[in-house]
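Here's a quick briefing to read with the model open beside you. Take it one topic at a time.

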Amino acid sequence: MSSQRTIRIALAAVTGVALLVSAACGSNGGAGSSGSGSASQASSPSAGGQSGSSSGSASASGSGSASASGSGSASSSGSGSASASGSGSASGSGSASASGSAGASWTVPANMPKANLTILFGSSGDAETNALKAATADWAKKTGSTVQVTPASNLDQQLAQGFSSNTPPDLFYMDPSKLGTYAKAGNLWSYGDKLPNKSDFYPALVQSFTYQGQLYCAPKDQSTLALWINTDDWSKAGLTDSDIPTNWDQLDAVAKKLSTDGRVGLSLSPTRDRVDAFFVQNGGYLVNDDGTKATVNSDQNVKALTFVKKLLTDGAMKWSSDLNTGWGGEAFGTNKAAMTIEGPWMFGALSSDYPNIKYKIVPLPAGPTGTKGTLVFTNCWAISAASKNHDQAMNLVEYLTQPSVEMQFAKAFGVIPSVQSAQADYLKEFPDNKVFVDGIAYAKGVVSAPGVTEVLSDFDSQLGTLASGDPKSILDSVQTNLQAALSGS
């Protein structure tokens with residue numbers, strides 16, 4: 001551990017969402033941050049991941065990977081081949097037809113005993129709670145079992161109490177940043193490799209919930225990040241679709257041009273759940289491909305964080321907190337920033353809180369070598385090791401991860417399905433969200449190892465001083481602490 005910043009690793013209970021997301025590591029960003037927060041993500045996120053499930057209400061300014069609930073529609077100006085605009089992840093009812101073999105694979109085992117299951121989860125609001133209650137009621141009707149669905153007021157705390165008293169819920173939302181801590185403590189039943197639809201989950205999501213070679217739980221949903229542009233500000237600055245940034249230099253240039261009239265060109269939540277996307281775009285990330293070695297202070301990451309610092313010191317970008325806003329979405333919605341980097345939870349926030357903002361959504365710009373990169377936020381359906389109903393709980397998870405049921409959730413509270421066989425139906429229903437779905441192919445997920453939550457929270461605190469700090473020194477500090485966590489020290 002760093003002598004300057006000793007991170008005490010507490011073996012405490014943990015959770016999380018996003019749309020997530022969130023999704024989840026105690027980040028102080030808005031939605032789509034991974035860590036505990038106030039909403040369930042798809043994703044790291046609250047107002048701000050990805051996509052994290054967490055405690056309590058779904059405020060747009062909380063931290064955590066949250067998925068926004070509700071329908072969102074906004075007008076956009078202009079068109080771009082890679083852009084999306086207009087209506088977002090709309091809430092609605094009804095079911096979509098299942099697509100793919102995964103949807104047809106769910107069955108009720110011949111002699112599966114009836115059970116009384118309990119689910120504890122961080123809800124983004126009534127839409128998510130009601131959708132989950134409806135889906136579990138359908139499963140209960142088909143199996144003869146019962147399911148008690150309880151939105152958590154503080155998921156971390158309630159899980160800790162449940163595990164300490166040996167009365168945990170059968171199922172609960174799990175943020176990938178907390179997976180290693182829970183698994184190491186023996187609190188989780190590892191069932192993911194037993195799922196008949198395992199191959200249907202997106203690979204990046206499978207990696208997020210794999211610990212020591214085992215897929216512990218089924219990904220619930222997901223969210224990625226994209227660049228949101230205020231089209232009125234864009235037009236007033238004399239910019240057109242041909243100016244949409246596809247690399248860092250172009251992003252810097254348009255952000256400077258949009259910084260006028262007391263408005264900053266770009267604003268981000270001050271969290272690694274936004275900044276890490278720049279690492280990926282430069283061929284770097286926090287850990288190596290198998291998650292065993294910290295790579296925080298790699299040359300790629302130092303160059304990426306140096307670029308972010310340049311945006312700050314040049315006045316092209318400001319942290320959302322420096323604009324007296326809770327997250328990037330609020331900075332964008334109040335027009336204190338012309339652009340932000342957020343996920344699909346923004347649809348609900350813009351529709352409900354900032355309905356007059358016109359916007360366009362485009363992929364995040366590529367790094368200097370043309371590498372595309374974004375982050376994916378998610379949660380999984382965790383099953384307690386202490387549950388006496390493992391078979392029934394896993395059967396419920398199989399039911400909930402059918403394409404048709406995941407599409408019901410997408411319509412109800414704005415998440416992106418975790419199964420690939422639902423993609424065609426999802427894009428048909430939500431064509432404006434293609435930019436987020438496309439990003440899944442080149443996204444990196446949340447680091448999932450014991451103790452990483454505290455390390456990454458410390459990273460967030462250091463990012464707040466980036467404008468006056470040294471990028472390499474910050475990354476060296478996080479490197480030392482993260483490697484210690486990965487090594488179990």
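The largest nonpolar core has 83 residues, and those with the most contacts inside it are Leu266, Leu286 and Met339. A nonpolar core here is a set of buried Ala, Val, Leu, Ile, Met, Phe, Trp, Tyr and Cys residues joined through side-chain atoms within 4.5 Å; buried means under 20% relative accessible area, exposed over 50%, and partly exposed in between (1.4 Å probe, protein chains only). Keep in mind that this is a predicted model, where local features need pLDDT of at least 70 and side-chain atom pairs count only at pLDDT 80 or more, while totals for chains, interfaces and linings use all residues. Residues are numbered from 1 along each chain as its sequence is written, and side-chain values use heavy atoms, with hydrogens and water left out.

- (Helices, H or I of at least four residues, and strands, E of at least two, are DSSP runs numbered from the N terminus.)

**The five-stranded sheet**

- Five strands make up an open sheet with mixed pairing, in the order β9-β8-β10-β7-β11. Two strands pair if DSSP finds at least two bridges between them.
- The edges belong to β9 (317-319) and β11 (359-362), each with a single partner strand, so one side of each has no neighbour in the sheet.
- From one strand to the next, the twist averages 25°. (Axes are lines fitted to C-alpha atoms, for helices over the stretch in contact, and angles run from 0 to 180 degrees between N-to-C directions.)
- Strands β8 (residues 264-268) and β10 (residues 337-342) run parallel and are joined by three bridges; Ser267 stands opposite Thr340 in β10.
- Packed on the sheet is helix α9 (residues 299-313), which touches β8 and β9 and points at about 100° to the direction of β9.
- β7 (residues 226-230) pairs with β11 in the antiparallel sense over four bridges, and Asn230 has Tyr359 in β11 as its bridge partner.
- In a regular strand the side chains alternate between the two faces of the sheet. In β11, Tyr359 and Ile361 point one way and Lys360 and Val362 the other, and all are buried.

**The disulfide**

- The count is one disulfide, going by cysteine sulfur atoms within 2.5 Å.
- Cys217 and Cys380 form that bond, with an S to S distance of 2.0 Å. The torsion about their S-S bond is about -85°, so the disulfide is left-handed.
- This pair links distant parts of the chain, 163 residues apart: Cys217 sits in the loop between β5 (214-215) and β6 (218-224), and Cys380 in strand β12.
- Both Cys217 and Cys380 are buried.

**Two buried loop residues**

- Asn389 lies in the loop between β12 (374-383) and α12 (390-400), and counts as buried at 16% relative accessibility.
- Leaving out residues up to four places away in sequence, Asn389 touches Ala115, Asn116, Leu117 and Asp170. Its C-alpha atom is 7.3 Å from that of Leu117, 272 residues apart along the chain.
- Ser418 is in the loop between β13 (416-417) and α14 (423-429), and is buried with a relative accessible area of 0%.
- Beyond residues up to four places away in sequence, the residues that Ser418 touches include Asp200, Tyr202, Pro219, Asp221 and Glu406.

Terms used
Contact means heavy atoms within 4.5 Å.
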